[in-house]
Amino acid sequence: MTERATPSGATLAEPMAGPADAAQPLAAFGGLLLRDLRVLTKELGRFLVRTVSQPLLLVFVFTYVLPSIGRDLGGDGGQGSFTDVLVPGVLAIAILIKGVQSVALPLVQEFGYTREIEDRVMAPLPVWAVAVEKIVAGALQGLLAAAIVVPIVALVPAEPIALDITWPALVAVLLLAPVLASALGLVLGTFIEPDNVPLMFSVIILPVTFLGATYFPWAELSVIPWLQIALLVNPLVYIAEGFRFALTTDVPHMPPLAIFSALVVATSAATWLGVRGFRRRVLG
């Protein structure tokens with residue numbers, strides 16, 4: 001047995017699982033995950049409103065209203081229409097925002113006035129596993145957000161979407177992107193002071209979404225080389241480009257090797273930083 005401290009200073013035992021009780025941590029992990037999903041079902045209405053509002057407005061204005069009044073932003077020369085460019089970006093935004101929200105915002109309450117984090121770390125799990133459970137729960141919500149957005153991008157646009165799905169790439173993006181988004185939420189929720197977490201959406205999330213290659217392909221930024229290079233630090237670029245590669249053929253995108261290498265590295269780095277920050281907040 002090793003000891004760890006809760007945020008209030010109480011000391012509790014951190015179990016070292018042996019062969020006889022190896023199933024106990026798995027059961028505790030599953031219990032925490034089911035609890036988070038249960039909370040989601042009770043707040044399903046708010047979840048739907050937060051998930052649908054921004055993608056619906058983006059798709060409605062840019063792919064329905066503007067083409068209908070003759071202000072189409074379509075591409076030319078085989079570069080794909082603006083609808084083809086925007087749809088992967090909308091999916092990327094939905095996953096990123098929902099993944100960050102579903103992890104970072106609850107942490108404000110759990111480390112703050114509810115002190116719920118003390119109940120979580122009392123589970124027969126290492127602290128790092130409690131952090132991983134939060135990432136998994138956030139990733140599942142990100143996947144659900146993507147599933148909700150798909151009918152919007154399929155039905156709302158005035159012109160048909162020229163989809164050409166590369167299924168292995170799509171599966172890979174759907175596995176990596178939600179984990180990356182929720183891991184980023186854990187990083188922000190543990191390294192930023194609770195009082196400043198709501199502010200991060202205007203200071204961090206807003207620039208990330210506007211400069212995340214969601215409204216334009218990254219490859220077309222070659223005319224602004226300094227910006228094209230600077231945006232390589234934005235993880236949303238790789239999510240949007242991954243969806244663009246997986247869903248379209250006419251729209252230019254990054255080389256697939258660069259996309260998926262960056263997604264793997266970013267997901268690993270964000271997970272490590274998030275778990276480290278969570279342990280620091282709990283044990284520090």
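What follows is a short exchange about a predicted model.

Colleague: Is Gly-189 buried or exposed?
Modeller: Gly-189 is part of helix H6 (residues 167-191), and, leaving out residues up to four places away in sequence, Gly-189 touches Ala-104, Leu-107 and Arg-281. Since buried means under 20% relative accessible area, the value of 4% for Gly-189 makes this residue buried.

Colleague: How far apart in space are Gly-189 and Met-200, C-alpha to C-alpha?
Modeller: In sequence, Gly-189 and Met-200 are 11 residues apart. Taken C-alpha to C-alpha, the distance in space between Gly-189 and Met-200 is 9.7 Å.

Colleague: Which backbone oxygen does the side chain of Thr-248 reach?
Modeller: Thr-248 sits in the loop between helix H9 (235-247) and helix H10 (256-283), and Thr-248 is buried, with a relative accessible area of 4%. Apart from neighbours within four places in sequence, Thr-248 is in contact with Asp-84, Pro-88, Ala-162 and Asp-164. At 2.6 Å, the side chain of Thr-248 reaches the backbone oxygen of Arg-244.

How values were computed. Residues are numbered from 1 along each chain as its sequence is written. This is a predicted model: local features need pLDDT of at least 70, side-chain atom pairs count only at pLDDT 80 or more; totals for chains, interfaces and linings use all residues. Side-chain values use heavy atoms; hydrogens and water are left out. Helices (H or I, at least four residues) and strands (E, at least two) are DSSP runs, numbered from the N terminus. Buried means under 20% relative accessible area, exposed over 50%, partly exposed in between (1.4 Å probe, protein chains only). Contact means heavy atoms within 4.5 Å. A polar contact is a pair of N or O atoms within 3.5 Å; within protein, one must be able to donate a hydrogen and the other to accept it, and residues adjacent in sequence count only if both atoms are side-chain atoms.
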